[in-house]
Amino acid sequence: MKKVTSSRISQLLFLALFLVLFLMTEYRGSDRIVAAVNGFFRANPLTAASTMLAAREYQPLLLPGLLVLVAALFLGRFFCGWICPLGTILDLVTGRIRKVGALRALTGRAKYWLLLPLLTASLLGVNLAGLFDPIALLLRALTFFFHPLFGDTVRGGWRSLYGVMGERRDLLDPGYRLLRDYLLPFRETLYPLAFLSAFLFMLILFLERYERRAWCRRLCPLGTLLGLVSRLGPLHRTPAKLCADCQACREHCPTSFDRDLLQMDECILCLECSLRCPSQRVRFRFAGSCPQVGPVMERRVFLGGLVGGVVLAKGFRFREPAAQAKLLRPPGVRDEDDFLKKCVRCGECMKVCLRSALYPAFFQAGVEGMYTPLLVPRLGYCEYNCTLCGQVCPTGAIPDLGREEKQRQVIGKAVFDKNHCLPFAKRIDCIVCEEHCPIPGKAIRSERVELTGFDGVKRVVQQPYVVDELCNGCGICENVCPLEGKAAIEVFRVKDRTPLKEVSPAPAMPGAPPPDASPYTDPYGGNS
Amino acid sequence: MERRQFIKILGMSSLFLHGWLRNLFAAQGPVVAVAQGTDHAAITRKALAALGGMQRFVKPGQTVVVKPNIGWDRTPEYAATTNPVVVKTLVEECLKAGAKRVKVFDRTCNDARRCYASSGIESALHGMKGVEVKHLEEERFKKVALNGKVLKEWELYGEALSADVYINVPVAKHHGLSRLTLGMKNVMGIMGGNRGSIHKNIDQALADVNASFRPQLTLIDATRILTAHGPQGGNLADVKVLNQVIASTDIVAADAYATTLFGLKPADIAVTRAAYQRGLGEMDLDKMRIVRV
């Protein structure tokens, strides 16, 4: 490994911070999350640029990202060399990967072909930048693959230890508790797209065999954006070119000295060349004069990028109606188009979700909805008192709401399928859905109906129904429905997601019919 | 008398004796201690004392499970979970009686972390020596042969099965299906698997489990009760403050008495009826010794 430089110390600190924040993006006994990894996205210029372009308005949450962009004007791509955790990981592993030389396909204008369509699509209302944002790529690989894998492995070991030791395993419990409470995911969750998330991450590592920081230099849209800005800035290296007598920079530079001239839009400010210069010639200075670096990109690349963006934003708009019916978004999301403008697919809401209710979409939300969060009630429901997803969302795509306000947000509406539901289909009691419904006045109620069972015996069965005005679509009913496979009650998406009426505190509930008015909901009424 | 004749008479007489024996025991009947007062720790201790104190149940060095209802993510005033003061007092009494370890847990319906925190039970017991507030671990469930009417076998929680003493501490509240959830329904908190599926025959299923798994002591928290929209509640208008706890070694008797707090008769609750018919305990209020303290 290289000797310890200040850039390396900064890199390691930020990587550690990233990992600590990653672990803190989890319920830890308090309704508010102290710190989450969303800071990295709020300070991410690509997130800021793409989200603001898409929403066409200033987003105060993303101000830090704009500030980093402005800083890049003066300091170049310092973010890449000092902060970016993905870059740090690449620097840490690259020494162990033998290089075979640059990949032809990537040496051209590939990075602009990636960045321009993404930004153009943003301008057209589809915020896709997160798909290739380095921080998001890393976070998703961790959230969907590596962290669950780690949890699965450790917990599996702990479990099999029980098979070996039985109750004596309790002796080791304090140690395991520490691990469980601070390092493991709370529950084992299998995510769709785990493979793709891990694959993209591994692919970025794989690119290291062609050259150092190949991803950062040749593809990364965030780096490319910062590079574009830094070209305009006053910071330059002297001497700009390789010195004829030494040329050691070519060896030290992780990114751009395979041409004779330092490319400021590729330089990540690691300062290796300056620190290692045998004759201490190399300086980075704020100088007005800009050495000739040639055009940013050819006109055809620019135009092609724009066209690519249009195709991306407008080419995949077909929606299968049946699939749309189950397209449930996190609480507080009221408009799909608005959501797609702001969601950067970072995966944090899915990481933090208390009941593992949120999963990344593959094609359910259309091609441009890939990696956006979907609520899958059969796997997990939206916990009534929890507001974590809104708290960690870096862009406000999921609004950060107070508890009462979040409880009134409508995710969808529950609908019974009487062909499956036991009290209807089998004429026997069940009511697990009503039991679990968290709405104080119960959005699922039941009526006592006297009927003849299929065994010929007369009995009273409680048949459930949904009170639409009270249902917020949290999905706990679908989650706990004891039927195997398909639930007999399902939450479906609704267009009108106006929040439920505020329920004035007890005793009278003006909006809803008083529960005692109906003999069916009177706890002591009817016969038992 | 010939042997055959003797056996006949014996068999015949046992038929009559059966009812007589029952009456004989009923004369003493199970003790149901009912304590009332605004100091919930004090009434818990009083109720225990009326049954002979915790040392009657817990011997030094034993492992005790105290099983409250922590099923829902609600704060204590909503009466959806057991009063943390009552739980804490019981745990203290167990320790005083010499318990080596006291374990407190429940299989929650909402997220376990939130339930443990919101119920106030986790924080009430925090830092107490020898006390473990635990989340359930899937691998500890053990298949138990119940050979009941509707449940032949079910997974029950290993730490509950292996405990020397098991103390059942439900909160008395309304339930949409079983009308009330009391002591016998609280046992669902140690049941594994798809618990919802027993709802189709909940009274017999709960009688099956309770016939096989029997808590040494049941203490029902009725310091405040949830009278409607149970078992989750969420509306303080549905909560009634009674400042009572009911304790008995007879789970059916405790449930039967607690039923009266809701203005119902013990026989109105199908679970109680089913358990009584199986001889799991007494539900006739006249045949219990109700000790008010």
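A crossing of two helices is called right-handed if the near helix is turned clockwise from the far one by less than a right angle, and left-handed if anticlockwise. The points below concern a predicted model.

1. In chain A, helix H8 (residues 110-123) and helix H16 (residues 299-314) have axes that come within 7 Å and cross at roughly 50°. That angle makes H8(A) oblique to H16(A). The crossing of H8(A) past H16(A) is right-handed.

2. On the H8(A) side, the residues that meet H16(A) include Tyr112(A), Trp113(A) and Leu116(A). H16(A) contributes, among them, Gly304(A), Gly305(A), Gly308(A) and Gly309(A). The contact of H8(A) with H16(A) has 12 nonpolar, 5 polar and no charged residues.

3. Between the chains, 35 residues of chain A and 32 residues of chain B take part in the contact. Helix H4 (residues 112-118) of chain B gives the most to the chain B side, with 3 residues. That side comprises 9 nonpolar, 15 polar and 8 charged residues.

4. Two cis peptide bonds may be checked. Thr238(A) and Pro239(A) are joined by one, with omega about -10°; Pro239(A) sits in the loop between strand E1 (235-238) and helix H14 (249-252) of chain A. Gly230(B) to Pro231(B) is also cis, with omega near 0°, and Pro231(B) lies in the loop between strand E10 (217-226) and strand E11 (239-248) of chain B.

5. Lys442(A), not a glycine, has a positive phi of about 65°. Lys442(A) counts as buried because it has 27 C-beta neighbours inside 10 Å.

6. Asn147(B) also has a positive phi, near 45°. Asn147(B) counts as exposed, with 11 C-beta neighbours inside 10 Å.

Conventions. Residues are numbered from 1 along each chain as its sequence is written. Chains are lettered from A and ligands numbered from 1 in the order in which they are written. This is a predicted model: local features need pLDDT of at least 70, side-chain atom pairs count only at pLDDT 80 or more; totals for chains, interfaces and linings use all residues. Axes are lines fitted to C-alpha atoms, for helices over the stretch in contact, and angles run from 0 to 180 degrees between N-to-C directions. Helices (H or I, at least four residues) and strands (E, at least two) are DSSP runs, numbered from the N terminus. Angles under 35 degrees count as roughly parallel, over 145 as roughly antiparallel, 65 to 115 as roughly perpendicular and the rest as oblique. Two residues are in contact if their C-beta atoms, placed from the backbone, lie within 7 Å. Ala, Val, Leu, Ile, Met, Phe, Trp, Tyr, Cys and Pro count as nonpolar, Asp, Glu, Lys and Arg as charged, and the others, Gly among them, as polar. A residue is buried if 20 or more other C-beta atoms lie within 10 Å of its own, exposed if 12 or fewer, and partly exposed in between; C-beta atoms are placed from the backbone.
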